[in-house]
Amino acid sequence: MVHWADYIADKIIRERGEKEKYVVESGITPSGYVHVGNFRELFTAYIVGHALRDKGYEVRHIHMWDDYDRFRKVPRNVPQEWKDYLGMPISEVPDPWGCHESYAEHFMRKFEEEVEKLGIEVDFLYASELYKRGEYSEEIRLAFEKRDKIMEILNKYREIAKQPPLPENWWPAMVYCPEHRREAEIIEWDGGWKVKYKCPEGHEGWVDIRSGNVKLRWRVDWPMRWSHFGVDFEPAGKDHLVAGSSYDTGKEIIKEVYGKEAPLSLMYEFVGIKGQKGKMSGSKGNVILLSDLYEVLEPGLVRFIYARHRPNKEIKIDLGLGILNLYDEFDKVERIYFGVEGGKGDDEELRRTYELSMPKKPERLVAQAPFRFLAVLVQLPHLTEEDIINVLIKQGHIPRDLSKEDVERVKLRINLARNWVKKYAPEDVKFSILEKPPEVEVSEDVREAMNEVAEWLENHEEFSVEEFNNILFEVAKRRGISSREWFSTLYRLFIGKERGPRLASFLASLDRSFVIKRLRLEG
């Protein structure tokens, strides 16, 4: 099967015509922390651009920061005295935390730094700068000239939605009062470059469109940008793509006002966190950021989450046990890509998903330390980082001859697994080694089996996990001990729980003499 990004890229070429350079766009208002749900828009635009580049075309990816929007409400994590700045451009509201020039910059810079770690090529643009330097002046004036046509288009869709028509004094733009920087009411346009306004503070004045104080309203601003930058593709959330939404009105406005065709779009579904109700909101503070994912996921896995899902499918990120399955799935796809493991009929799509997921595609299969097992090893207090690597080699999870690239990846995963256990692992996954054997009732048969395993360990300094696993099963089977009784006894002896990690691998990772003593209930 063809990957969805390649399908959209082919559609763009077909419908927009052959071009030397295509433009894809994403954008957001930085009204709060830019979370993993917001990232889906940027990544959808990026991955389609990636597919176009792979077909030999030049691509410009614009990410528009709508930082000239009004500061509409004070989020929970912001001091309530910031209500004094309501109505101002968010690019001019002070940073409550005092570390950036403005409220908007505080959130934009963090997201830009996060995106950089994913190897994504993107041109970040800032609406405040573009408006203030007069970049859109001609388009704003044209919107004033075509005001009646714009109102006709918007009212048509308002009527379908059974909404009242726009008032007669409606204008396609707003004015920020040059003195008080709040939204002012437009009273009159002189037919040229001047607009008369009335400030909420009570005074009136004239402002030049080219001064940067006049900003188009959203439903006009969006199609204006498409025209100005020659956008060929821009994804959007379903709230912008339902019938009568801003995309529908934008398609008509760009054609009737600016004489161009709307770009192709693609609806993407929301991203949520498993177990969390409702939609993530930067202003509410119930968000997961890319930097949160970086604490437990390699960059390639972050991209993989989005690349493997078609945009119209909701993504539920599971930071609990789902992380283990995600690593297993990614590692399998990576092995299929390098031909180490066979797949099924969807191999082509899986290989392409891997290509699109990697910030930098390796030339060979780099050592894959199984994350599931690392989550066990990092909980063993006696194991250093080097010890963990040696256990992985000894048990055959990674090769003996490790390159620098192999070692770096293994060490990264060790650190990520340690973070996961600390922050997200369910309690039934966590454990600690008991310093002394607990007082547990052990039947004579079980005691004999434990002694036999201890004796076997004394006689085998080197052994494979498979060999050890066979011994564990054989000694119990010969004595008619049920697996449930046998394994629960051993888990209680070492970690004080009824269940635990895969027993043979776990015990083989511990100090051999310690295991022998514990099996003999010594010390």
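**The second largest pocket**

Modeller: α14 gives the most to the lining of the second largest pocket, with four residues. Helices here are DSSP runs of H or I, at least four residues long, numbered from the N terminus. Before going on: this is a predicted model, where local features need pLDDT of at least 70 and side-chain atom pairs count only at pLDDT 80 or more, while totals for chains, interfaces and linings use all residues. Numbering starts from 1 along each chain as its sequence is written, and side-chain values use heavy atoms, leaving out hydrogens and water.

Back to the pocket: 22 residues line it, and Arg372, Val376, Gly500, Pro501 and Arg502 lie nearest its centre. Two or more lining residues come from each of α12 (322-337), α14 (371-377) and α20 (503-509). Domain 2 (318-426) and domain 3 (430-518) each supply at least three residues to this lining, with bounds from an automatic or database domain assignment. By type, the lining has 12 nonpolar, three polar and seven charged residues (Ala, Val, Leu, Ile, Met, Phe, Trp, Tyr, Cys and Pro are nonpolar; Asp, Glu, Lys and Arg charged; the others, Gly among them, polar). The pocket's volume is about 570 Å³, that is, the space filled by probe spheres set on grid points joined across faces, edges and corners.

Searching the whole structure turns up one cavity of 30 Å³ or more. The largest cavity has a volume of about 40 Å³, and its lining is Lys394, Gln395, Phe463, Ser464, Val465 and Ala508. That lining splits into three nonpolar, two polar and one charged.

Now some helix packing. α6 (residues 147-160) meets α9 (residues 246-258) at an angle of about 155°, with axes 10 Å apart (lines fitted to C-alpha atoms over the stretch in contact, angles running from 0 to 180 degrees between N-to-C directions). So α6 and α9 are roughly antiparallel (over 145 degrees; under 35 is roughly parallel, 65 to 115 roughly perpendicular, the rest oblique). Their crossing is right-handed, meaning the near helix is turned clockwise from the far one by less than a right angle. α7 (residues 218-229) also packs on α9, at about 60° with axes 8 Å apart, so α7 is oblique to α9.

Notes:
On a 1 Å grid over the protein atoms alone, a cavity is a set of points where a 1.4 Å probe fits but cannot get out, and a pocket is an open set with protein on both sides within 12 Å along at least five of seven lines; lining residues have an atom within 4 Å of a point.
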